[in-house]
Amino acid sequence: MQKPNPFLAEAALRIKSAKHAVAFTGAGISAESGIPPFRGEGGIWNTYDPIVLDIRYFINNYEASWKAIKAIFYDFLSDKYPNNAHKTLATWELEGIIQTIITQNIDNLHQEAGCIKVIEYHGNAQRLICLDCQNYFEVKQWVFHAKAPRCPKCNGKLKPDFIFFGERIPEQASFKALEAAENSDLMLLIGASGEVSPANQLPMIAARNGAYIIEVNTEKTLFTSSIVDLALRGSSAKILHQIAELMNDTKE
Ligand code: NAD
Ligand code: ZN
């Protein structure tokens, strides 16, 4: 039998024996579902101007912003499905191996994979919020009938319920994520560049409180040389699957 990669074996052991393991995920975990990250090669910002996600620009240029937002997020997200990384995390949550997932993603793929304890740090594209009456609406086909959608209750402007530049992190998510980071004894950083603030503070807080930090990423990140204890290079779907297999091999 082939000897297991010692780094993967170490990760499997650490994750399994942690009492409060938290997964912290970024755009990279969804790359293999066909959703490009914002930055880097093939990133969304190579094609679109980030100003369309600036809250002031959005309010003042409602029609134009919606046109870009529809193209970036909705035309694109509709036929995307969870990959093996999302599915492995869902299994680990079910088995009690990980306690919480903090995600920066807005694509709903953790939830579609069956994860329940997901903290949506940046919100979720599947919901819209009315900027006038504050009611929430699920994204359905009617949203795209008109040029830019209007609130069915008050005709107000509808904004995707993820945070735009210039907006604060939702209070509940911020509180819960901080609590999870402070209490974690192990944090798995998956497909997150560490360039987005304040989300990038959460792994720092976990590390400061003594959590063991495992990074799964195709590349080096801002976290790698500062807080990471074990860096696993490669695609998250492949690496998480390999770790899960090692865990299964050691099951009775
Ligand atoms: P990022 O775009 O800044 O970085 C993505 C990271 O993923 C990089 O470090 C890259 O090396 C890594 N990566 C790429 N492919 C990978 C793979 N197959 N396996 C493992 N790692 C891989 O992403 P970010 O740090 O999450 O920050 C961008 C912000 O943009 C986030 O806050 C998020 O809200 C938002 N965003 C979300 C989505 C989404 O919901 N899927 C997509 C794009 C951007
Ligand atoms: Zn309204």
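A polar contact here is a pair of N or O atoms within 3.5 Å; within protein, one has to be able to donate a hydrogen and the other to accept it, and residues adjacent in sequence count only if both atoms are side-chain atoms.

Quick housekeeping. This is a predicted model, so local features need pLDDT of at least 70 and side-chain atom pairs count only at pLDDT 80 or more, while totals for chains, interfaces and linings use all residues. Residues are numbered from 1 along each chain as its sequence is written, chains are lettered from A and ligands numbered from 1 in the order written, and side-chain values use heavy atoms, with hydrogens and water left out.

Okay, helix 1, residues 6-17; helices (H or I, at least four residues) and strands (E, at least two) are DSSP runs numbered from the N terminus. Asn-5 caps its N-terminal end, with a side-chain oxygen 2.7 Å from the backbone nitrogen of Phe-7. Leu-8, Ala-11, Ala-12 and Ile-15 are the buried residues of helix 1, buried being under 20% relative accessible area, exposed over 50% and partly exposed in between, with a 1.4 Å probe and protein chains only. Looking down the axis of helix 1, the buried residues fall within an arc of 100°, so they line one face; the arc is taken from the directions from the helix axis to the C-beta atoms. Pro-6 and Leu-13, on the other side of helix 1, are exposed.

Now the core. A nonpolar core is a set of buried Ala, Val, Leu, Ile, Met, Phe, Trp, Tyr and Cys residues joined through side-chain atoms within 4.5 Å. The largest one has 32 residues, and Ile-15 and Leu-232 are among those with the most contacts inside it. Helix 8 gives the largest share, 7 residues. Beyond its neighbours within four places in sequence, Leu-232 is in contact (heavy atoms within 4.5 Å) with residues including Phe-7, Leu-8, Ala-11 and Ile-243. There's also a second, separate core of 29 residues, which includes Tyr-62 and Phe-73.

Those two are also buried residues of helix 3. Helix 3 has a kink of about 40° centred on Lys-70; the bend is the angle between axes fitted to the seven residues ending at a residue and the seven starting there.

Ser-197 and Pro-198 are joined by a cis peptide bond, omega about 5°. Asn-108 has a positive phi, near 70°, and is buried at 17% relative accessible area. Asn-155 has phi near 65°.
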